[in-house]
Amino acid sequence: MSKKPGRRLLGQNRMLWLLDALERDPGRDQLIEALTRRVRALPLGRVRDVLHGTWLGHPVHPMAIHLPLGSWMSAAVLDLKPGRSRQADLLVALGLTGAVPAAATGLADWAELHREQQRVGLIHAWANTAAVGLYGASLVMRLSGKGAKGRVLGYLGLTAVGVGGLLGGHLAYRQAAGVNHAEEVPHVVSDGWHRVGGVDEFPAGEAVRCVVDDVPVLVVREAGGEVHALAERCSHLAGPLSEGTVADGCVQCPWHGSVFRLSDGWNVTGPATAPQPSFDTRVVDGHVEIRLPTETVPETPYAGDVFAATSTDGHRPRR
């Protein structure tokens with residue numbers, strides 16, 4: 001018996017089926033495109049990298065949501081007690097205040113995602129916006145002496161937060177938004193030197209894609225002869241760095257504009273929050289060879305300054 005198009009597979013989790021359908025639904029794509037252009041056009045400068053979490057090494061948004069979520073959940077517990085709780089009122093207000101940076105960081109990240117991720121992220125944002133509206137109305141009711149209505153609105157707001165959290169979890173753990181897409185490289189490439197080609201195969205200043213142990217590698221030879229090698233798939237969303245622009249000792253991802261330093265893979269600007277795995281290089285008998293470094297002591301620039309961040313464990317983990 002043939003299966004009709006769009007019908008849910010037998011035994012498939014209904015929630016995942018609905019979420020997968022949400023990823024494929026193009027009905028809101030025009031709105032998403034318009035919002036994406038507006039967010040990207042905002043004159044944020046270096047603040048954009050602060051919102052992404054380039055300085056932190058991973059997205060800020062998951063950390064920023066703890067204040068509103070914790071405040072509202074605590075208020076819900078206090079609301080179980082009879083009578084008005086001024087502490088609950090304060091926690092609701094604190095959660096509304098904390099929702100501002102959480103929304104700002106989430107919006108900055110959302111504008112740099114794949115379309116399927118943006119479709120889920122838009123509903124995630126709508127759910128959280130509904131939660132903010134409900135908690136705002138709850139606070140008004142509480143302050144005007146209508147505590148019972150305020151509590152009901154608060155619990156409805158917490159329900160909306162739960163829906164938003166479900167969608168946020170799907171974004172992070174099913175769609176891999178915000179994760180490091182180059183993390184597996186040190187665990188896949190085998191130890192030792194790997195020959196990737198003759199020197200003449202790497203024109204000076206051009207990005208060349210090679211493959212080592214099924215892992216794409218970006219190789220760039222400078223005019224002076226120095227050779228650099230990085231993992232070729234961008235840590236942000238696996239964009240092809242070999243198709244990007246090489247300039248001023250850096251390579252820029254063609255998909256979302258993250259810039260990485262060729263000498264060590266450091267993410268100079270976001271949206272990438274993780275550096276690219278880099279390789280040691282050498283030239284032997286006219287051939288370029290690369291290997292994973294045995295020790296790593298990265299230099300970590302922040303806000304225009306440079307400070308040394310020494311690894312507590314210089315040895316990379318093994319698979």
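How many cavities of 30 Å³ or more are there? The count comes to 1. The views below show a predicted model, in which local features need pLDDT of at least 70 and side-chain atom pairs pLDDT 80 or more, while totals for chains, interfaces and linings use all residues. Residues are numbered from 1 along each chain as its sequence is written, and side-chain values use heavy atoms, without hydrogens and water.

View A. The lining includes Asp79, Arg84, Asp89, Arg142 and Arg151. Helix H6 (86–110) and helix H8 (147–174) each give two or more residues (helices are DSSP runs of H or I, at least four residues; strands are runs of E, at least two).

View B. S2 (residues 207–212) runs antiparallel to S3 (residues 215–221), joined by 6 bridges (strands pair with at least two DSSP bridges). Cys210 has Val217 as its bridge partner. In the turn of 2 residues, Asp213 has a positive phi of about 50 degrees.

**View C. Surroundings of Phe202.** Phe202 touches Val196, Gly197, Val208, Cys210, Val219, Arg221 and Val288, leaving aside residues up to four places away in sequence (contact means heavy atoms within 4.5 Å).

Notes. On a 1 Å grid over the protein atoms alone, a cavity is a set of points where a 1.4 Å probe fits but cannot get out, and a pocket is an open set with protein on both sides within 12 Å along at least five of seven lines; lining residues have an atom within 4 Å of a point. Grid points are joined across faces, edges and corners, and a volume is the space filled by probe spheres set on the points.
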